[in-house]
Amino acid sequence: MRHKSLMLLLLCILLVFLSGCWDREELQQLSIVSGMAIDKGSDKVKNRYKVTVQIINPSQVAGGQQGGKVQASPVTTFTETGSTLAETLRKISTKSPGELFFPHLQILVIGEKVAKQGIEDLFDMIERDSQFRVLFPVLIARGHVTAKETLEVTTSLEAIPSAKIGDALKSSEEDWGTYKSTRADQVIQGLKEGSVVVTGIKINGEKKSGNATTNTQQVSPSANIEIKGVALFKNGKLKKWLDGPPARGVTWITNEMKRTVMNLNCGKKKDAIAIEISRSKSSTHVTFNHQKPAIYITVHAEGTVLENNCSIDLAKSQALGQLDEQLEEEIKQEILSAVKKAQKQKSDIFNFGETVNIANKHVWNNINHSWEKDIFPETEVHVNVQAIIRRTGMTTKSYINK
């Protein structure tokens, strides 16, 4: 009986220590960061980086205009400069109404000038700090547009600009297939391996008008953001932009193609038939000839005819067979164009080196130090595409007469 009493007393004491959260923070004391932008500061070390954070205004996002109050912006941005990311964010905390809170960060945009100088140093703090959940997407602001300006483009369709960018990236990845989302953890891993690709973003229209509330009151806004291009990085520095077929070729090779639309020629009529790719699967393997690797890429794709501005009769199996062959060739050429661009830049963005390592560690140990510089640019890459058009839609005939 005495033993049970002691155990009960011990449990009561433990409950006292277990109750509550020692590191809790009141919500009203936090500044929730939804987006962050990193631009080049000045040439001086003390102002190397110009960092902008986008903070959510909870009262506007949750309830809108209440009690006769003037409608305020749903977000506010604060900007500071510094020699390190950590220092700059601490400087911003002197302006923000509460402690900067990063677990809900939705997007990180990096300016092109910073990307060309190198981004390796930027992710050291992000990887170390437990507040950053490294699952947020990373984008590169393209051209003369700064990363800060992309975070400040307002839109009537989404109150929070950073959320709008995230939605546009997701929509582009799922429906267009050319520009894939690259998370912060994937960028960190790619930087450690030497090469990585990151999707770009640009502003169309008058960028100064994007920050005005009038931009949300127009049917056709003066400024809007667009997901555009893939930035190819080598040793942490932006080396080249990929657009069009080479950019989509990257998605094919990395097995990240979800859906896309491809146009096929019909005789002399260019881009007359639209095929939606609804399913795809890519795989890569390697063979060796006297310890010299050769890469083989295999793609399986299924599609549906969305549009036929051609006299071809889709009810005939022979016609569909010809379209299958055309589709296979188009996919193959996109893949080869991506490989050619990467080999020219001596940047293994497809992680072929890891495939070689898994296939033969002995060979990899002999070539890994010279892989990207000497061997990858000269490696033979073979592509085998198997594509089939499963459906032709509600009709097999076209409005175009023979």
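Visitor: What order do the four strands of the open sheet have?
Guide: They go S10-S11-S12-S13, and the pairing is mixed. Strands here are DSSP runs of E with at least two residues, helices are runs of H or I with at least four, and both are numbered from the N terminus. By the way, this is a predicted model: local features need pLDDT of at least 70, side-chain atom pairs count only at pLDDT 80 or more, and totals for chains, interfaces and linings use all residues. Residues are numbered from 1 along each chain as its sequence is written, and side-chain values use heavy atoms, leaving out hydrogens and water.

Visitor: What makes S10 and S13 edge strands?
Guide: S10 (260-266) and S13 (380-391) each pair on one side only. From one strand to the next, the twist averages 35°.

Visitor: How do you know that S12 and S13 pair?
Guide: Pairing takes at least two DSSP bridges between two strands. S12 (residues 292-308) and S13 have eleven, in the parallel sense, so they pass. Gly303, for one, stands opposite Ile389 in S13.

Visitor: Which strands does H10 lie across?
Guide: H10 lies across S10, S11 (269-289), S12 and S13, and runs at about 145° to S13. Such angles go from 0 to 180 degrees between N-to-C directions, using lines fitted to C-alpha atoms, for helices over the stretch in contact. Helix H11 (residues 352-359) packs on the sheet too, touching S11, S12 and S13, with its direction at about 35° to that of S11.

Visitor: Why is the set of 66 residues called a nonpolar core?
Guide: Buried means under 20% relative accessible area, with a 1.4 Å probe and protein chains only. Among those with the most contacts inside this largest core are Trp252, Ile331 and Phe350. Helix H10 (residues 317-344) gives the largest share, nine residues.

Visitor: What is Ile331 in contact with, leaving aside neighbours within four places in sequence?
Guide: Trp252, Met262, Val299, Ala301 and Val385; contact means heavy atoms within 4.5 Å. Another core, of 37 residues, lies apart, with Met36 and Phe78 among them.

Visitor: What makes the space of about 30 Å³ a cavity?
Guide: On a 1 Å grid over the protein atoms alone, a 1.4 Å probe fits there but cannot get out, so the name applies. The search finds one cavity of 30 Å³ or more. Its lining includes Thr178, Val197 and Ala247, and H9 gives the most, three residues.

Conventions. A nonpolar core is a set of buried Ala, Val, Leu, Ile, Met, Phe, Trp, Tyr and Cys residues joined through side-chain atoms within 4.5 Å. Buried means under 20% relative accessible area, exposed over 50%, partly exposed in between (1.4 Å probe, protein chains only). On a 1 Å grid over the protein atoms alone, a cavity is a set of points where a 1.4 Å probe fits but cannot get out, and a pocket is an open set with protein on both sides within 12 Å along at least five of seven lines; lining residues have an atom within 4 Å of a point. Grid points are joined across faces, edges and corners, and a volume is the space filled by probe spheres set on the points.
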